[in-house]
Amino acid sequence: MVADLLVAVAAAGSAGVVYLAAAVRVVKQYERGVLFRLGRVSGDVRTPGLNLIIPFVDRLQKVNLQIVTLPVPAQEGITRDNVTVRVDAVVYFRVVDAVSALVKVEDYKFAVSQMAQTSLRSIIGKSDLDDLLSDREKLNQGLELMIDSPAVGWGIQVDRVEIKDVSLPDTMKRSMARQAEADRERRARIINADAELQASKKLAEAAQQMAETPTALQLRLLQTVMAVAAEKNSTLVLPIPVELLHFLERGGRPSPPDQDRDRGQDRDRDRDRDQGQEQDRGPSPGHTDGGPQLPVTGTGSAPQVPVIDTGGPPQTPVTGTGSTPRVP
């Protein structure tokens, strides 16, 4: 009798343990439990902790409330300016209403993924290539709004949507590279021209200043020579400035009184030189100190001999046609 009672108690205890194990459910901190009793939602959402259900009658389904990172597959589309691109993105969302997420949509993760893909394609068709490359923040906000609008009815909140990468064709990449290179070359030339303009203005001011003070030009020349001489492997070529030549010319030029004295001395030397030349030549042909001058005619290369009157019979002129003079 006692043995039968012990067996019954043991059987009841075992049944109670099995029932309790089947009725106890543990909900974690980041989860919420939705109780379905005979297929219908019963009561409020079960909070984290230990929860009891009726076995074989109730079914407790847990929903994760953590933020879900959902990658969106790369979508290929044509932009508004007719450029073919491939764009992929990532969606961050979380469940805010566990009952709606289980009741109103079959698989909320799959639904959000499909909605993100269609919205991404729509964004590609409405945007230009420059917007996809430079104005992504605005596109992210528009894509987030497009996904969040239907997801609110599913008990899901989209926290953030990010466009990860925009893939371009190789030909478009080369074209954009050439465009960027040309733009940078244009900016470099503008900067260089602006620098040349400023430098020319400064050089003009420096030239005016040096024109007022010529000594500054000499100092600048010496500074340049010192800078070049610092390099030991260079040949120094020292130019002579024009101002220095003018200075030397003014230094070697005599004063006005000295110039007058030099002119007088030059005239005296010229006069003495002329007199000396006349003395060296002697008297001119046909001329004597006391007698009259007779004309002498001759042809050829023979010298002409003058005839001198000595008081005798009259003399006739002598003419010669050869190399030896003839006297009649």
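## Strand β5 and its residues

L60 is found in strand β5, where strands (E, at least two residues) and helices (H or I, at least four) are DSSP runs numbered from the N terminus. This is a predicted model, in which local features need pLDDT of at least 70 and side-chain atom pairs count only at pLDDT 80 or more, while totals for chains, interfaces and linings use all residues. Residues are numbered from 1 along each chain as its sequence is written, and side-chain values use heavy atoms, with hydrogens and water left out.

Is L60 buried or exposed? With 13% relative accessibility, L60 counts as buried; the cut-offs are under 20% relative accessible area for buried, over 50% for exposed, and partly exposed in between, using a 1.4 Å probe and protein chains only. Leaving aside neighbours within four places in sequence, L60 is in contact with R25, V27, G33, V34, L35, R46 and I53, where contact means heavy atoms within 4.5 Å. L60 and S42 are 18 residues apart in sequence, and their C-alpha atoms are 9.9 Å apart in space.

D58 also lies in strand β5 and is buried, at 9% relative accessible area. Its side chain makes a polar contact of 2.6 Å with the side chain of R37. Such a contact is a pair of N or O atoms within 3.5 Å; within protein, one must be able to donate a hydrogen and the other to accept it, and residues adjacent in sequence count only if both atoms are side-chain atoms. Beyond four places in sequence, D58 touches L35, F36, R37 and I53.

## Two sets of paired strands

β5 belongs to an open sheet of three strands, ordered β3-β2-β5 with antiparallel pairing. The edge strands are β3 and β5, each pairing on one side only. Two strands pair if DSSP finds at least two bridges between them; β2 and β5 do so over seven bridges, in the antiparallel sense. One example to look at is F36, whose bridge partner in β5 is R59.

Strands β6 (residues 68-78) and β7 (residues 84-95) run antiparallel and are joined by nine bridges. P71 stands opposite V90 in β7. The hairpin of β6 and β7 has five residues between the strands, and there N82 takes a positive phi near 65°.

## A nonpolar surface patch

Which residues make the nonpolar surface patch of about 590 Å²? They are Y19, L38, I54, F56 and V57. Patches are made of residues with over 30% relative accessible area and no salt bridge, with like charges joined within 9 Å and nonpolar side chains (Val, Leu, Ile, Met, Phe, Trp, Tyr) within 5 Å. The areas come from the Shrake-Rupley method with a 1.4 Å probe, and for residues only the protein chains shown count as cover.

Y19 sits in helix α1 (residues 2-23) and is partly exposed, at 48% relative accessibility. L38 lies in the loop between β2 (31-37) and β3 (40-41), and F56 in the loop between β4 (49-52) and β5 (58-64). L38 is exposed at 70%, and F56 is exposed at 85%. Both backbones deserve a look: phi is near 55° for L38, a positive value in a residue other than glycine, and near 65° for F56, likewise positive in a non-glycine residue.

## Salt bridges

How many salt bridges does a search of the whole structure find? There are eight, each a side-chain nitrogen of Lys or Arg within 4 Å of a carboxyl oxygen of Asp or Glu. R86 forms one with E76, the closest N and O atoms being 3.5 Å apart. R86 lies in strand β7 and E76 in strand β6, so this pair ties together parts ten residues apart in sequence. R86 is partly exposed at 39%, and E76 is partly exposed at 42%.

Helix α6 (residues 170-212) holds D183 and R187, four residues apart, about one turn of the helix. Their side chains meet in a salt bridge at 3.4 Å, N to O. E185 and R189 are also in α6, four residues apart, and form a salt bridge with closest N and O atoms 3.4 Å apart. E185 is partly exposed at 43%, whereas R189 is exposed at 59%. Salt bridges that share partners join D183, R186 and R187 into one network.

## A buried serine in a loop

S127 is found in the loop between α3 (108-126) and α4 (129-134), and is buried at 5% relative accessible area. Its side chain reaches the backbone oxygen of I123 at 2.8 Å. Leaving aside neighbours within four places in sequence, S127 is in contact with T79, R80, L132 and L139.
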